[in-house]
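Q: Here is a model I would like to go through with you. Please tell me what each term rests on as we go.

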Amino acid sequence: MTQSVYAGGCLCGALRYEISGPVSNPCFCHCASCRRAAGAPMVPWGTFARDAVRITRGRLSEFRSSAQVWRGFCAHCGTSLTYRHEARSAEIDVTLATLDDPMRIEPAMHVWVKDRLPWVAIGDSLPRHETGAAST
Ligand SMILES: [Zn+2]
Ligand SMILES: [Zn+2]
């Protein structure tokens with residue numbers, strides 16, 4: 001697979017990242033935890049090798065949002081940036097909407113659809129998974 005380079009960052013610009021390497025499992029997550037973390041009805045995520053994601057400016061702050069999950073954000077502006085699960089420590093998920101060019105990676109499925117808010121209408125024909133199990 002060809003190496004891809006993506007760049008992105010938070011709203012205020014204090015935190016910048018670069019990603020070398022391909023995405024896997026780009027998805028929309030409808031889970032209640034992502035919703036609160038981002039203040040949004042669903043969150044588009046892409047999974048990358050952890051060592052392919054490099055913070056090039058600022059420092060990623062993290063907090064533990066559930067037993068084995070660390071969510072990364074900009075301490076300055078609060079933008080939700082990353083998700084990592086201790087059970088898959090070689091990987092990290094990045095919020096695709098924080099890419100400088102979010103058009104480059106399109107979500108390919110919906111996960112945690114059982115948590116979907118009733119006023120969110122899914123208008124695409126992508127696969128829908130009731131939980132996250134099928135995405136990893
Ligand atoms: Zn920021
Ligand atoms: Zn989620």
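A: Happy to! Let's start with pairing: two strands count as paired if DSSP finds at least two bridges between them. Please keep in mind that this model is predicted.

Q: How do you know that β4 and β9 pair?
A: Five bridges link strand β4 (residues 43-49) to β9 in the antiparallel sense, and the cut-off is at least two, so they count as a pair. You can find this on screen at G46, whose bridge partner in β9 is V94. Another place to look is F48, opposite I92 in β9.

Q: What makes β8 and β9 a pair?
A: Strand β8 (residues 80-85) and β9 share two antiparallel bridges. At least two are needed, so this pair meets the cut-off. Y83 stands opposite D93 of β9, and the two strands are joined by a hairpin of five residues.

Q: What is the order of the strands in the open sheet?
A: The seven strands run β6-β7-β8-β9-β4-β3-β10, and the pairing is mixed.

Q: Why are β6 and β10 called edge strands?
A: Each of them, β6 (60-66) and β10 (110-111), pairs on one side only.

Q: What makes β9 mostly covered?
A: A residue is buried if 20 or more other C-beta atoms lie within 10 Å of its own. In β9 (residues 91-95), four of the five residues are buried.

Q: Which strands does β2 pair with?
A: One partner is strand β1 (residues 5-9), antiparallel over five bridges, with G8 bridged to Y17. Strand β5 (residues 53-57) is also antiparallel to β2, over four bridges, and there R16 has R57 as its bridge partner. The hairpin of β1 and β2 has six residues between the strands, including G13 with a positive phi near 90 degrees.

Q: Why is W112 called buried?
A: W112 has 24 C-beta neighbours inside 10 Å; the cut-off is 20 or more, so it counts as buried. This residue lies in the segment after β10, and its phi is near 55 degrees, a positive value in a residue other than glycine.

Q: Why is N25 called partly exposed?
A: N25 has 18 other C-beta atoms within 10 Å. Buried needs 20 or more and exposed 12 or fewer, so a residue in between is partly exposed. N25 sits in strand β3 (residues 24-29) and also has a positive phi, near 50 degrees, without being a glycine.

Q: What does the pattern look like along the sequence?
A: The order is β-β-β-α-β-β-β-β-β-β-β, with one helix and ten strands.

Q: How do you know that the protein is as compact as a globular protein of that length?
A: Its radius of gyration is 14 Å, close to the 14 Å that the globule rule gives for 136 residues, so the description holds. The C-alpha atoms fill a box of roughly 40 × 35 × 30 Å along the principal axes. Of the 136 residues, 32% are buried.

Note on methods. Residues are numbered from 1 along each chain as its sequence is written. Chains are lettered from A and ligands numbered from 1 in the order in which they are written. This is a predicted model: local features need pLDDT of at least 70, side-chain atom pairs count only at pLDDT 80 or more; totals for chains, interfaces and linings use all residues. The radius of gyration is taken over C-alpha atoms; the globule rule is 2.2 Å times the number of residues to the power 0.38.
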